[in-house]
Amino acid sequence: MVRIDKRNNNQIRSIESELALLNKADGSAKFSLDNSSVLAAIYGPVEVNPRKEKISKATVEVVFTPDSGNQNYQTKEQESLIRNAIESVIMTMLHPRTLISIIIQVYSTDGSIVSCSINAACLALLDAGIELNSLIASISLSFNSDGQIYLDPTMKEENESKATAIYAFNSQLKLMMIKSSGIITEQQNQEALQLARSSCERILAYIRTAVKTRIMGDTESQTKDTVMSDSTK
Amino acid sequence: MSKLSYITPEGLRIDGRRNNEIRRLNMKMGIFNRADGSAYYEQGNTKITVAVYGPREVASNQRMLHDRAIVNCEYSQAAFSSATDRKPTRKSDKQSYEIASLIKQAFESTIQITLFPRSQIDIYVQVLQADGGLKAAALNAATLAVIDAGLPMRDFICACSATFIEGVPLLDMNQMEERSGGADLLLSIQPQLGGVISLNMESKVPQDMFESVLELANLGCMKIFALLQTEVKRHSADLLSNQINPKS
Amino acid sequence: MEAFQKIHPLEFYRKFLERSVRPDGRSLQRIRNTTVSAGSILTADGSSFVKIGNTSVICGVRAEIAEKQQDQTTSNTCKSQIIVNIEMGPICSNIFSSTKPSEKAMSLCTQLNQLVQLLDIDPKQLYFDVDGKYLWYLYVDLYCLDYNGNILDAAIIAMLSALKNVKLPKGVVSDDGSEVYKEEDTMRTLIINSYLIPLSFAVIDEYVLSDPSLEEEKLSNGSISIVYNEKRELCLQLYSGITPLDEKTLQQCLDQTKQRTQEIKDLIDQSINDSKDK
């Protein structure tokens, strides 16, 4: 069964990103997968409220604002997933007693929004020059009732699916975060893990390209990577 | 709807009690691990749990008092506790705030707060099942929890409610009797020192009957005191015997 | 020794973990004593109280009636008819504030709502009257009374046993549809055939501990939660942590959770049977 936008099961949508869009923020990046577009802004390391202060590490805070509506319980959970994934790559021991604040603003949502946010945050952290012990890339998957696994689902595909999963891998392709909800069989689970790993590898390559383009002084800070091809199994 | 008679000619109430009988009490102290003191209290069908934390550091320096501890109380009813409709929990609603205030004032006068300057004592009341007599039950349950926390008090706090329906004073009403429209008198006392901590009454009672209703409430308080004291003694004996012969 | 525990909690723990044991005497895979007691709250249509070690959660279900929405198709009805809410207030631990729900409570709420929709419930079970013009909406409220780690497992077991404990009266709608009333004499039990089998883990260094207590959660650098259903299908898989997760470890956790299937089923069934005798 072909997907509505004529993609293959293993095809990610076209990625666009832009770094350093904001002047005031220490680092910023925009990351979009077609219609899912997210802006991440980093402020930090800055002064921290004594209540949240940690004596040996930096406190990492994520504020996730959806494109429409107020923050609700679901966005709070998404916020916590993003924070858990990002905090694992930041070298927080280098900035004790400070706060690294990551503001995520969703421009438009069309599925895979948490993955977009994590990727945007990674780019923004690189733009801010905050020390990371590894890059992080994230991808979402959806599982259909007929057993198909779709990579990078759109919102419609997510809503109609039986289960969805979000994966995040670091530069060494080790699993940093996973959240799957919905009914998945053992076999699908194994398949999904491998699929997610290989596609995160490609997203990591994209992130490296995007940063290289920015640092090499190209006047165009926008990097486009259209229609990534099938993953080789 | 046919007129419901709250008390039969023989003097029996809806649940079979006489006018001067309190409902059956079931108490357990020390049920929670994290809290410094806790208690589970059942009075008839009303079930309440209380957790006490303290003395501990004050949350905000502005509220700190240099010579005594602050007593803080929060009262909350579970959404499924009411027999009639599901009430979504709103801790800031007026009724919860009023009851919390009542408990706070009662314990501020009874706990020896001058022994703990610059500290805070928190009492959290959670109602699991509501069937009348909530304020009184909350006070009694909180007394047990505070004793379990080991906080020194001048005396117990015993509370009981009484009303006046169909010409008869009744003790310890359940929810149906509370809603009958009769007066709702809540008396809380320090049973050994003999002082009254608070006396609240809603609705009206004929002046010549007031004393008998008050007497009845006092009687209820003393009965509850006897039961609370027995439970505290039993729990202490339990703890002591565990110390001497620790259970494997 | 207590001083050592306070000053170097992680070192203190490591000394035990090296010998494959935990300070409370458990082995690394051992789960604390779990008790489930259903049907204790009479004002609720279904209730249960779960204690895993010292973590206590009470759950009550209230059923309300509402008219069937015109745009609801039969396949979707069940999904929105059960609403779960969990409250973790200062009564259970001093880390939580009373007014604002903590991030943990909100995440837990979302996860429980996602899980409850995976339960296999025949839509007709939630019909108020025979034709389904009016429907039952179940509000599931959980209150954490004592927080000592692993609240997710306790909440899931409590939610499940409370739902299975729900008794609904027969509903009658008058012919012109204007009057709706319940016949309290005939009560039927809500039939839910599926089960949710949860197990949470904490990762400290390279050790994986099942059913972490609060101290272990605080010291951990990663936490894993797995939920299966009775058909051995994965319902929830959650890992978040500072260190990466090894695939072998994940597989071990998946296997361990599956092994718990019968134990949880028995626990819940036992509590439901006991409540019937009450």
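1. More of the area that chain C buries against chain A comes from Glu103(C), Gln237(C) and Glu247(C) than from any other three residues, namely 21%. The contact (heavy atoms within 4.5 Å) takes 30 residues from chain C and 29 residues from chain A.

2. On provenance: this is a predicted model, in which local features need pLDDT of at least 70 and side-chain atom pairs count only at pLDDT 80 or more, while totals for chains, interfaces and linings use all residues. Residues are numbered from 1 along each chain as its sequence is written, chains are lettered from A and ligands numbered from 1 in the order in which they are written, and side-chain values use heavy atoms, with hydrogens and water left out.

3. Arg197(A) and Glu247(C) meet through their side chains in a salt bridge, at 2.2 Å from N to O.

4. Elements on the side of chain C that touches chain A. At least two residues each come from α4 (103–116), β10 (222–229), β11 (234–245) and α7 (247–259) of chain C. β11(C) gives the most, with 12 residues. Helices (H or I, at least four residues) and strands (E, at least two) are DSSP runs, numbered from the N terminus. By class, this side has 15 nonpolar, 11 polar and four charged residues. Nonpolar covers Ala, Val, Leu, Ile, Met, Phe, Trp, Tyr, Cys and Pro, charged covers Asp, Glu, Lys and Arg, and the others, Gly among them, are polar.

5. Strand pairing. β11(C) pairs with strand β9 (residues 175–184) of chain A in the antiparallel sense, over seven bridges; two strands pair if DSSP finds at least two bridges between them. Ser240(C), in β11(C), is the bridge partner of Met177(A).

6. Chain C against chain B. These two chains bury about 2,400 Å² between them, 53% of it on carbon and sulfur atoms. Arg62(C), Ile91(C) and Tyr143(C) supply 26% of what chain C buries against chain B, more than any other three residues. The contact takes 27 residues from chain C and 28 residues from chain B. Zero salt bridges are found across this interface, and the count of residue pairs in polar contact is 13 (both at pLDDT 80 or more). β3 (55–67) and β5 (134–146) of chain C are the elements that give two or more residues to the side touching chain B. That side divides into 13 nonpolar, eight polar and six charged residues.

7. Annotation. The UniProt feature "domain: Exoribonuclease phosphorolytic" (unreviewed entry) covers residues 31–169 and 197–259 of chain C. UniProt positions are in the numbering used here, feature names are shortened, and annotations may be inferred rather than shown by experiment. Residues 197–259 of chain C are 30% helix and 51% strand, with end C-alpha atoms 9 Å apart.

Methods
Buried area is the accessible area (1.4 Å probe) that two parts lose on being put together, summed over both. A salt bridge is a side-chain nitrogen of Lys or Arg within 4 Å of a carboxyl oxygen of Asp or Glu. A polar contact is a pair of N or O atoms within 3.5 Å; within protein, one must be able to donate a hydrogen and the other to accept it, and residues adjacent in sequence count only if both atoms are side-chain atoms.
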